[in-house]
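Biologist: Hi! Could you walk me through this one?
Modeller: Happy to, let's open it up.
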Amino acid sequence: MAVTPDVAKELGLTADEFQQITHILGRTPNFTEISVFSVMWSEHCSYKNSIVWLKTLPREGDRLLVEAGEENAGLVDIGDGLACAFKIESHNHPSAIEPYQGAATGVGGIHRDIFTMGARPIAALNSLRFGNIDLAHTKHLVRGVVKGIGDYGNCFGVPTVGGEVYFNDCYNQNILVNAMSVGIVKVGETVSATAEGVGNPVFIVGSATGKDGIHGATFASADLTEDSADDLPAVQVGDPFQEKLLLEASLEAIRTGAIVGMQDMGAAGIACSSSEMSAKGGVGMDLHLEKVPTRQANMQAFEIMISESQERMLIVGHKGQEEKLLEVFRKWDLVCEQIGQVTDSGHIRAYYHGELVSDIPADSLVLGGGAPVYQREYKRPAYMKKLEKFSLSQVPQPEDLKEAAHTLLASPNLISRRWVYEQYDSMVRTNSMSTNAPSDAAIVRIKGSDKALAMTVDCNSSYVYADPYVGAMIAVSEAARNIVVSGGEPVAITNCLNFGNPYNPEAYYQFVHAIKGMGDACKKFGTPVTGGNVSFYNQSVFKDRTEPVHPTPTIGMLGILDDITLQTTIGFKKENDQIYMIGTPHNDLNASEYLRQAHGIQNTPPPHFDLDEEWHLQQNVKKLIRMQLIESAHDISEGGMFSALLESAFIHGLGFNIETDGNFRKDAYLFGESQSRIIITIAPDKEDELISQMNAHNISFTRLGEVSGDRVIIDEADFGPLSEWKTVYEDTLSQKLDNQ
Amino acid sequence: MKFGVVVFPGSNCDDDMVHVLGTVMGQEVVRLWHKETTLPDFDLGDCVVLPGGFSYGDYLRAGAIARFSPIMEAVIDFANKGGYVFGICNGFQVLCEAGLLPGVLLKNSNQRFICKNVHLKTMTSESAVTSAINPGTVLRIPIAHADGRYFADHETISQLKDNNQILFSYCTPEGDITEAANPNGSLHNIAGICNDKRNVFGMMPHPERASELLLNNLDGKGLFDSFLRTAHSHSV
C-alpha cells in the first residue's frame, strides 16, 4: 500500500508532519511505519500540543526521586526507606464508547504504570464526570463505568479508596474517566523503563497480542463525534486476572536481578514501549514480530506493532540470565517470549518472517526527541465576558429556606455516592483507615511503619470554567485542604488535564490558564507535579453547536501522615461539642451548586478565593491538629456550609444547632462556596485554648453552634430530623440509577 | 498450632490473612502454593485457610477451577481426616465447589458486587471459629463479593439447622434476622456455616478486615481468638 499524505491524514497526521517523517527516514514511510508514527506522534503519546506549557509547572522538590516524565510515574520519598509511585490517567474516549471495558482498562493501565516501576499498588482512586443524570444514556454510562472500575480493581485486589463523581450537561456525550493508582516500593528497588546493553534479550510478557486497541492512541487524540462508535475496535479489552498474575510475576522477576528495564504496554503497544525504552537508553532494538504470541492468525505487522492489547510488558533482561526470568513467569503460568535484542543502531527495526517491515530511529518517535512540539494560539473565551455581568443582587432570596435546602441537597452532585462506592472493594489489603472513620482525604496506612498516606482527587470544573486560572488554583488548594484537614502534609501532585480541542483557541486558553493557576498553587503549597496525563478533544455535540466539556484539570494529590494517630475525621463525635467555622464568610454564591439547582444559573464568576489566605488557613489548621485540639474537621466545598454540616452529622447520627450571621444573606451563608473555610468541632473544655490559638495566629473564625440531638436546627428554626435528610442523601442516587 | 494460607492464582486476600494470623495474632503462618500436592508437616490441630480473592479470575464460576488445583487434593484429604479448614469469601466458594461444605454461592440478588459493613448474628458458639463468642452476639464485619447468595435445597437447609451448622446470619444492628438486613439474598440470611463434623468452616464476610483497632473495627478478631482457644484446649 503506497503511503501518501492522504493516508497519513486519515491516521491523524498533518501534511507537515508527513513531510517531517519523510525527512527523518530519508524516504517515504511504508504503512507499518506511518502507523507507528501516527500513534507515537498522537497527542496521547507525544504531548505535542501541551508539553511547552507542562514544562512551566513546578517539577522539583526535596522528596522527588524521579522527575516528571522521566519514568512511567512520579516517585516520592516517604521516609523509612520507602518511596511512593503514583499517577492519574484518563480513559475518556474509550469509556464514552464502551463504558465497561473503557473504564476497566483505564484502571488496568494506570496500575501497570505503577508496578512496571517495581512498586506494589496499594490504593486506587478515580474521578468521574457524567452528563445529565436523568438521561437514559447517562445511566447506561454510569452503570458501565462503575461496573468496569469495580470488576477490574476488585479482582486485581487493590482497594478503591477515594474518588469523585459529578454530573453536568457538558459531559453528556464526552464523559471523563480518570483513574489513579498509588504504589509503594523500597528505595533502590525500582526498575527503570530503559533499554541498555547491546545484545541483551528483549522479552514480551503477559497476554497474547490481538487486534484490540489498534490506533487507540490516535482515536483518543481526535474529536469525539457521532461516528466515533464506528471506532469500537480501538477500545481495548481488559483481563484483571492476567494483570494480577502479571503484577506478582513482575515484582518477583525484579527480585531476581535479571531485569535491565521494563515498561508496560499501554498506548501504542510494542511501538511505544520499544522506542521509549531504546531512546532513553540511547540504543536500538531488533524485533522479530512473528515471535510475538498473537491471539489470532494472520495479524499484519503494523497491527502487532501498535496493538493495545492489555496486560503486557516489554522487558529487557541481562544476557545469560534469561532462565531466571523464564522460571518466574513459568511459575505464574504466564507467557514470556524473547522477541528481539538490544542493538547499537539507535533504530527500532522490526522484522516479520525475516523481512524488514519497519526501520525507524527510536529517538524520532518520542517526546523530547523527534516528536513535534507546537505552540498553539489561544484567546480569551467570549463567554467569560458574560460571566462578569453576574451580580448576586439578581438572585432573589428564598422565601422558604428549608425548602431551598431540600432542593439543594437532592442535587446529584451532593448526594451520597454510596451506590457507586459499594461496588468497589475499598478494604482489601487491610490498610484503609478511612472506610470506618471517614476523612476528607483517603487515609491508607503503611504496614510496618507509623506512617500513613493521605490521597485525594479533586476538581470542581464549574470553577475552572468560570475562570481557568482561579479554578485550577482552587482545585490544587482543595486537594491540599482535604489532606490537611485529614491530618496529613501535602507532598506532591499528579494531574489529569481534560480539555477540549487544542486547535480551538478558546479551549486552548482554558488549558494555558489552568496550567498557570495550577503551577502557582503548587508552588505555594510546595507540591510539585510528578507527572500525569493530558486528554484533549473532549467535547459534546449539541443540536446547533459543538462545545468543549468544562475544562477539568483533575488533581491527584499525595500527602503523608508522619504519625498515624494524627488522622482527623469528618464525623461529629459528641453531644455539646462546639462547632466552629475557620475562615472568612462572604456574601458569595458564585458558581455554587445552589445557584444551579435552585435558580438554574450556570454562568457566574468563580467563588471568592485568595491563595495566600488559603495557605495561611492550612498552615494553622495543621497546627491545631498537631496540638490535638480538634475532634473533627471537614472542608466546605460543593453545597456550602450546610452540606458540610450534614455530612459531618450523618457519620454518627448526631444533629446540630447553629446560628447564621445577620451580616450575610442566609442563602449565601449556608449554601455559598467561597473558598478557604473549614468546619471543626471541639470539646467544650478546649474552647478557650482554641480561641487563644486562633487569635494568636490571626485566623478568622466564627462559632456556629454545637453538636446536639438528632435534629437540624438553624437560627432556632427546626429543619427536621437528621434521619430525614440522611434518607434523601443516601437513597437518591440509587433511586435514579436503578430506574430505567 | 500453625496456619497454612493457600495461594491460588488470583487470590488477593492471602497477604491480609497472613498479616492478621502472623502479625496481629502472633501465630506461625506458612503460604501454600496451589501447585503443591502435600501440606508440609501439618498435624490435625493445624488449620488450612482458603483466603478471599478471585481464584482463576472467577472464570467459569467462582471457585470452580480452584477446586481442581493440586493443593486441593491435599486439603480435601486433610479435612476428611479431621483437620481444620477455614474458607473466607472466595475460600468459602471453593469449599462448596469442592464438596467440603454443602450448598452453593450464587450471584448476589442485585447482580452487583457489594462491599460494605454488614451485621452478623452469631448463631452458635459450638465451633472452633465462634467458641469465644457468646451466641446471639452481633458482629459488624465487611463483605466484599459478587457471588455470595447462599443457596441449598430444603433438605440441606434443614440439616444445617438441625445440626446447628449455621454459624452466622445476616442481621440488623439490633440482631434481628430480616429480609432488609440480607445484603445478597442468601437463604435464611446464611452468612457462614460449618460441616457436620465441625472441622470445615466457610463464611462470606471478611473477619481479617475487622481485626485491628487501627482500622476501627475489632469485631472479626473474636473468630481468630476462638480458633486459638479451641486449638489450645485440644492440645492441652
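Biologist: How many bridges join strand S2 (residues 74–79) of chain A to strand S3 (residues 82–90) of chain A?
Modeller: Five, and the two strands run antiparallel. Strands here are DSSP runs (E, at least two residues; helices are H or I, at least four), numbered from the N terminus, and two strands pair if DSSP finds at least two bridges between them. A:Gly79 stands opposite A:Leu82 in S3(A).
Biologist: Before I go on, what kind of model is this?
Modeller: It's a predicted model, where local features need pLDDT of at least 70 and side-chain atom pairs count only at pLDDT 80 or more, while totals for chains, interfaces and linings use all residues. Residues are numbered from 1 along each chain as its sequence is written, chains are lettered from A and ligands numbered from 1 in the order written, and side-chain values use heavy atoms, without hydrogens and water.
Biologist: Back to the sheet: what is the strand order?
Modeller: S1-S2-S3-S6-S4-S5 in chain A, an open sheet of six strands with mixed pairing. Strands S1 (64–66) and S5 (160–167) of chain A each have a single partner strand, so one side of each is left without a neighbour in the sheet.
Biologist: New topic: which residues of helix H4 (residues 154–162) of chain B are buried?
Modeller: B:Thr156, B:Ile157 and B:Leu160. Buried means under 20% relative accessible area, exposed over 50%, partly exposed in between (1.4 Å probe, protein chains only).
Biologist: And which exposed residues sit on the face turned away from the buried side of H4(B)?
Modeller: B:His154, B:Glu155 and B:Asp162. After H4(B) comes B:Asn164, with a positive phi near 60°.
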